[in-house]
Amino acid sequence: SRLAQFVNILHQLLQPLEHASHDYVALSYGKVKTQNTTCTLSVARAFRAEMTSSDNNNTDDTALCIAVVGNRFLRRMVRILVATALREALVSMRQMESANDSYLPTNITMMNGSINTTTTTTTSPNR
């Protein structure tokens, strides 16, 4: 499925960050108040999670989860890192999509710690 492909691309983008120390000053916001901006991420991965509703209407949902665990974080570092990874994964998906049909999230927003997406389906005029 396209969601599985998207999660795989996102995971591949995050994976090289695991178990490595990097200077994340470019992914911080505002004036950095520390001299050392090196952080080590022990976990940086994307995966799908299946959720079952608890409100007795038997609806199941699939969520895209991104896990980032590190020894420290700079101000807004995780938010900027996740947004950048999502954007780059969407760009990769769009490049891989054929010119015929596409079914990709077109609007991603962060609300109360969760990501909401609006999805549109477009069909090429050649059909």
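The points below go from the overall fold to the charged pairs, the surface patch and a few local details.

1. A word on the basis first. This is a predicted model, in which local features need pLDDT of at least 70 and side-chain atom pairs count only at pLDDT 80 or more, while totals for chains, interfaces and linings use all residues. Residues are numbered from 1 along each chain as its sequence is written, and side-chain values use heavy atoms, with hydrogens and water left out.

2. On the fold, the protein chain has 2 helices and 5 strands, and their order along the sequence is α-β-β-β-α-β-β. Helices here are DSSP runs of H or I with at least four residues, strands are runs of E with at least two, and both are numbered from the N terminus. Of the 127 residues in the protein chain, 24% are buried. The word buried stands for under 20% relative accessible area, exposed for over 50%, and partly exposed for what lies in between (1.4 Å probe, protein chains only). The areas themselves come from the Shrake-Rupley method with a 1.4 Å probe, and for residues only the protein chains shown count as cover.

3. Helix α2 deserves a look. Its 20 residues span 28 Å from the first C-alpha to the last, close to the 28 Å expected at 1.5 Å a residue; the expected span is 1.5 Å times one less than the number of residues. Which residues of α2 are buried? They are Met77, Leu81, Val82, Ala85, Leu86, Ala89, Leu90 and Met93.

4. Now the charged pairs. Side chains of opposite charge can pair when their charged atoms come close. With a salt bridge taken as a side-chain nitrogen of Lys or Arg within 4 Å of a carboxyl oxygen of Asp or Glu, the count is 3.

5. I would start with the salt bridge between Glu18 and Arg45, at 2.9 Å from N to O. This pair links distant parts of the chain, 27 residues apart: Glu18 belongs to the loop between α1 (2-14) and β1 (20-23), and Arg45 to strand β2 (residues 38-52). Is Glu18 buried or exposed? Glu18 counts as buried because its relative accessible area is 11%, while Arg45, at 33%, is partly exposed. Ala44, also in strand β2, has a relative accessible area of 0% and is therefore buried.

6. The salt bridge of Glu50 with Arg48 has an N to O distance of 3.3 Å. Glu50 is exposed at 55% relative accessibility, and Arg48 is partly exposed at 36%.

7. Arg87 and Glu88 also form a salt bridge, with 3.2 Å between the closest N and O atoms. Both count as partly exposed: Arg87 has 48% relative accessibility and Glu88 has 33%. Leu13 sits in helix α1 and is partly exposed at 37%.

8. Lys31, Lys33, Arg75, Arg76 and Arg79 form a positive surface patch. Patch residues have over 30% relative accessible area and no salt bridge; like charges are joined within 9 Å, and nonpolar side chains (Val, Leu, Ile, Met, Phe, Trp, Tyr) within 5 Å. Lys and Arg count as positive and Asp and Glu as negative, with His and the chain ends not counted; each charge is placed at NZ of Lys, CZ of Arg, CG of Asp or CD of Glu. Arg79 is in helix α2 (residues 77-96) and is exposed, given its 53% relative accessibility.

9. Two backbone angles are worth checking by eye. Arg76, a member of that patch, has a positive phi of about 60° without being a glycine. Arg76 lies in the loop between β3 (60-70) and α2 and is partly exposed at 35%. His19 likewise has a positive phi, near 60°, in a residue other than glycine. His19 is in the loop between α1 and β1 and is exposed, with a relative accessible area of 62%.
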